[in-house]
Amino acid sequence: MKKKTSFSTKGNSTAVGPLSIQRMLPNRYANKVGPFVFLDYVRPAVKETITKNGTGAHPHRGIATLTYILQGEVEHFDSAGNEAIIRSGGAQWMKAGNGIIHDENLNYDSQTESKFIQGFQFWINLPAKNKAEKPAHIAVQANEIPKKTFPNESGWLKVVVGSYEDLSSKIPNYSRQFLYHIQLKAGTQFSITMGNETEVAAFLPIQNVMLNDTEFQAGEFVEFDKVAGEIEIKNPSQIAIDILLFGGEEYTEPVVAEGPFVMNSQAEIANAYRDFYAGKYGEVKSMA
């Protein structure tokens, strides 16, 4: 049985500094998909100049941030002393835990001739028992992300988060969760079965896609129901298409989100701000 669609939306356009952003989650229909509580899509753009002073140092608490860059180069600094650079196809995960300040530079990939940038940032909610843990950071380059090639080279699936068949991501899981990047060549299809009570959504960055016999437009965020079933993905175009499929088990603890903090109560949000203004998150060194 094929899963039914709950809703679709194109989110809201915004800007973060010079970046053009499509904010897909939260949206008017949903505040979370499994443990995923936030998704910003950095739309494809040409970046002519190199940014050296970051997009603005800011705090987080209670979540893990995940940056997945399709094209470009991301430099990361944080107040726990972590520094890393990921390039096109790579991902970096930062557990904010009990509080951290971080900053990022997003530039074109210095190891290629392309000046295009395109990518995603997710926030993954941590279970209450993990929100008080120390911060951590992992950088995963493109060649370290597990990849399954489909028969007849019709496409592939990359396991950015979670597991698929015998493949597992290096990024830690604190609940059952997954993020797959799927690419299909023209005229091909792929099906995946989801279990009961699994929350799952699809995002279509730049091409139209057929999902369970319904065509959705480029830029749409599509969420499915929680009943076990199949998601059939077809490529109706003459070029290769990309799709992100993500979600996991329902997060059943209370969720209170305010600014850069995601906690379980308003009192914990107040404590997060109090600790930040008291300097307990440390300092991130200048990126310039």
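**Figure 1. A search of this whole predicted structure finds 15 salt bridges.** Side chains of opposite charge can pair when their charged atoms come close.

**Figure 2. Lys3 meets Asp225 in a salt bridge, with 3.5 Å from N to O.** Lys3 sits in the segment before β1 (5–9) and Asp225 in the loop between β22 (221–224) and β23 (229–234), so this pair ties together parts that are 222 residues apart in sequence. Are these two residues buried or exposed? Lys3 is buried, at 4% relative accessible area, and Asp225 also counts as buried, at 19%.

**Figure 3. Asp40 and Arg23 form a salt bridge, their closest N and O atoms 2.6 Å apart.** Here strand β4 (residues 36–46) supplies Asp40 and strand β3 (residues 19–25) supplies Arg23, a link between distant parts of the chain, 17 residues apart. Asp40 is buried, with a relative accessible area of 7%, whereas Arg23 is partly exposed at 29%.

**Figure 4. Arg87 and Glu73 join through a salt bridge of 3.0 Å, N to O.** Arg87 belongs to strand β8 (residues 83–87) and Glu73 to strand β7 (residues 73–78), so the pair connects parts 14 residues apart in sequence. Glu73 is buried at 13% relative accessible area, while Arg87 counts as partly exposed at 22%.

**Figure 5. Lys2, Asp213, Glu232 and Lys234 belong to one network.** In this view, salt bridges that share partners join the four residues Lys2, Asp213, Glu232 and Lys234.

Conventions
Residues numbered from 1 in each chain as written. Predicted model: local features only at pLDDT ≥ 70, side-chain atom pairs only at ≥ 80, totals over all residues. Heavy atoms only, no water. Salt bridge = Lys/Arg side-chain N within 4 Å of Asp/Glu carboxyl O. Helix = DSSP H or I, 4+ residues; strand = E, 2+ residues; numbered from the N terminus. Buried < 20%, exposed > 50% of the residue type's maximum accessible area, 1.4 Å probe, protein only.
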